[in-house]
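Subject: Structure handover

Hello,

The structure we talked about is below, and my notes follow it. Please read them with the model open.

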Amino acid sequence: MKSAPGALLPLLKQYFGFTSFRPLQEDIICDALAGRDVFALLPTGGGKSLCFQLPALARDGLTVVVSPLIALMKDQVDALQAAGVAATYLNSSLVPEESRRRLRGLHQGEYRLLYAAPERLMLSGFLADLQRWNVRLIAIDEAHCISEWGHDFRPEYRQIAELRTHFPQVPFMALTATATERVREDIVSHLKLRDPRRYVASFNRPNLTYRVLAKNKPYDQLLGFLRARRRESGIVYCSSRKAVERLAANLTEDGVKAQPYHAGLTPAQRATHQEQFLRDDVRVICATIAFGMGINKPNVRFVVHYDLPKNIEGYYQETGRAGRDGLPGECVLLFSPGDAIKQTQFIEEKTDPQEQQIAREQLQQMVHYAETAACRRVELLRYFGETFPVESCGACDNCLAPRATFNGTLAAQKLLSCVYRIREKSAFGVGLNHVVEVLTGADTEKIRKWGHEQLSTYGIGKEHGRPEWAAIGRELVRLGFLRQTSEKFSVLEITREGLAMLKSRQTVMLTKPVVAAPKESQRVGDIACDEALFDRLRELRKRLADQLNVPAYIVFSDVALRQMARTYPTSQSEFARISGVGEKKLREFGAAFLGEIAFHLQENPRQIFADDSFVAPPAAPARASLGDSARETLRQFRFGATVAEIARARDVTTSTIYGHLAEAIERGEPLAADQFFTVAELAEVAGAFNRHGFGALGPVFEALGAKVDYGRLRVFRAIMNARARES
């Protein structure tokens, strides 16, 4: 019988190229085939989609997938069709003629899977069609969207519950990658799941490294990070559309191909930018954290949060877009307490008091995560109700480079005493900022109004600045000595533990705040392989994908390419053992990739790999920022202006402009020698430098008979110096 568990593995290999299931997948699939309702929480990259895709292949009928994003529907359907699965989607991106063609196919039973948005499913005419299409399973993807306590609540998801009345005998499957216990109960309740089997996988993503960096000249921090990873692609999240646009433009100007992605762009612009990213034509996507992208690109190697996320659930899901293929991914958060103040201002604009309270609680948790000295993985998992078995994960900044601690007993006593004295005098509590102002002896209207300058704790904390006291206060909250309310006017309250500490004068160790990036760590989970062959295979994959008009990973994942570049398959049977090689992909792509591997082996020896370890490339050395004048020269040069034209426009000498460009190259800007010299000139100039060295330019200038001016010689020397540093 096709639906028997033993029949699932052949289907898994035939269509998806895998020989085994990931944790919980087989149990979830068997329950769905048995007609049971299922709730499944699997982390990003944990294989949620397969849980409803394989049942659709194991029996007749139609599986309906509720999805919130047009881009995500297209992405999944493209991947399924490439694997030989009859799947389609219906949404507003289709022209009427194409929609009618797909509807005809659904009426004729041509498809196994249909992706649609919740609002379309609830149209009366569409519901009537669904009831004629032999629906065997309804899968609700991104099910956390149904909960107000979730990080991405969508009111239209509430309508899905009505499907139960129209399809009382059809099993429901709710899937999400991120949900607290409260959100899980919301999902089960609102969807009216009937005695569902519940599956909650570990939230741990062992291949991801988490880091929080103190925000300091953030653009320079980001640019240095990207230049140290020139072959990798990733996502940068910002808090506003304006920041997204500015960042994408600046990165492009500085030689990093980037595009913006936010709700203010037209659907066509968003689709184009996402397609460019999926196809590796653009290396970086800059996006708003408030806009769900639905990115299904498996080889995203990094996610950078340029601004503070609003809550941990959103942060976790966004970081989860890195390393979906199981290879290493880096998650970096640039943190400044000032970002929390900006988020608080946004919260105050909400009109619903309950929404405000929820948002404040979530923001406090996010700030605590950013400032904690504990293992970040432990903190993330604890938020979702999971216990990490060890105290140190070895793959976050706090574990790799623990921050220094200091005896903060006196500081803690001063701050707690100040909180106590303020409430004792005024009979009400105040916020952290006011406590800090009292400690540092500020002269404010509120302090005078409430007589707090008369307190014994007024001005006793001048040894620390206000930011330091604020950080100490937040750490005392994390340690449980203080409690911070989440009402509109958040106030500090001393806990029982805080009072006990004051009375007993127990020692309190505090942590110094985040000040610098830790050393690069070993990348967990990478696959050691022949990097030269991997590059050749990536280029072949890109050419094939462009011919097929699909993203590169639809052809093969990076995991598959790395396995090819490690095992050097030379026959169809060996190639079929590569993860992700199903029957259709073996037929379509096997010969091309086997040929590329054979060509490589004709020119290069096989490499032998003892283990799967891989050390990340060292970060580029820190360089000073390029000055405004040089940056303007570089901008005009990149937009096609000649050196002479720039000099005339800016009313300076060409020597000055060449000096700007040489400086830019020294700062790591990628400019090529053929932009300044002909092929013949390059050979002659290189020979002169080889004979006379790269020090003084005078001997080189004279050896060339003054045919090449000093400005261009400076540029050539800068290019050669940059190459020497890279090697």
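Helix H4 (residues 70–82) lies across S3 and S4 and runs at about 160 degrees to S3. Helix H5 lies across S2, S3 and S4, at about 130 degrees to S3. Angles run from 0 to 180 degrees between N-to-C directions, with axes as lines fitted to C-alpha atoms, for helices over the stretch in contact. Helices (H or I, at least four residues) and strands (E, at least two) are DSSP runs, numbered from the N terminus.

This is a predicted model: local features need pLDDT of at least 70, side-chain atom pairs count only at pLDDT 80 or more, and totals for chains, interfaces and linings use all residues. Residues are numbered from 1 along each chain as its sequence is written, and side-chain values use heavy atoms, with hydrogens and water left out.

Seven strands form an open sheet with parallel pairing, in the order S3-S4-S2-S5-S6-S1-S7. Its edge strands are S3 and S7 (197–200), each of which pairs on one side only. Two strands count as paired if DSSP finds at least two bridges between them. On average, neighbouring strands here are turned by 15 degrees against each other, direction ignored.

Strand S4 (residues 113–116) has Leu113 and Tyr115 pointing one way and Leu114 and Ala116 the other, and all are buried (under 20% relative accessible area; exposed is over 50% and partly exposed in between, with a 1.4 Å probe and protein chains only). S4 pairs in the parallel sense with S2 (residues 62–66) over four bridges, and Thr63 stands opposite Leu113. Four bridges also join S4 to S3 (residues 87–90), again in parallel, with Ala87 opposite Leu113. From S3 the chain crosses through H5 (residues 96–107) to S4, and this β-α-β crossover is right-handed. That is, with the strands pointing away from the viewer, the path from the first strand over the helix to the second runs clockwise.

Arg102 lies in H5. Is this arginine buried or exposed? Arg102 is buried, with a relative accessible area of 12%. Leaving out residues up to four places away in sequence, Arg102 touches Thr88, Tyr89, Leu90, Leu94 and Tyr111; contact means heavy atoms within 4.5 Å.

Elsewhere in this sheet, S1 (residues 38–41) and S6 (residues 172–176) run parallel and are joined by four bridges. Phe39 stands opposite Ala174 in S6.

Six strands form another open sheet, in the order S8-S13-S12-S9-S11-S10, and the pairing is parallel. S8 and S10 (258–261) each have a single partner strand, so one side of each is left without a neighbour in the sheet. Neighbouring strands are turned by 20 degrees against each other on average, direction ignored. S8 and S13 run parallel and are joined by seven bridges, and the bridge partner of Thr209 in S13 is Glu330.

Helix H10 (residues 218–227) has Tyr219, Leu222, Leu223, Phe225, Leu226 and Arg227 as its buried residues. These pack against strands S8 (208–214), S9 (233–238), S11 (284–288), S12 (300–305) and S13 (329–335), and against helix H11 (241–253).

Val378

Val378 lies in helix H16 (residues 376–383) and counts as buried at 13% relative accessibility. Beyond residues up to four places away in sequence, Val378 touches Phe388, Val390 and Glu391. Val378 and Val390 are 12 residues apart in sequence and 8.3 Å apart in space, C-alpha to C-alpha.

Cysteines

How many disulfides are there? The count is zero, where a disulfide is a pair of cysteine sulfur atoms within 2.5 Å. The sulfur of Cys396 has its closest cysteine sulfur in Cys399, at 3.6 Å, which is too far for a bond. Cys396 is buried at 0% relative accessible area, and Cys529 is buried at 6%.

Confidence

The chain averages a pLDDT of 84, and 92% of the residues score at least 70; pLDDT is the predictor's confidence in each residue, from 0 to 100. Over residues 515–522 pLDDT stays under 50, and the model has 19 contacts for them beyond four places in sequence. Residues 611–624 are also below 50, with 28 contacts in the model beyond near neighbours in sequence. Where pLDDT is low, the predicted coordinates should not be read in detail.

Regards
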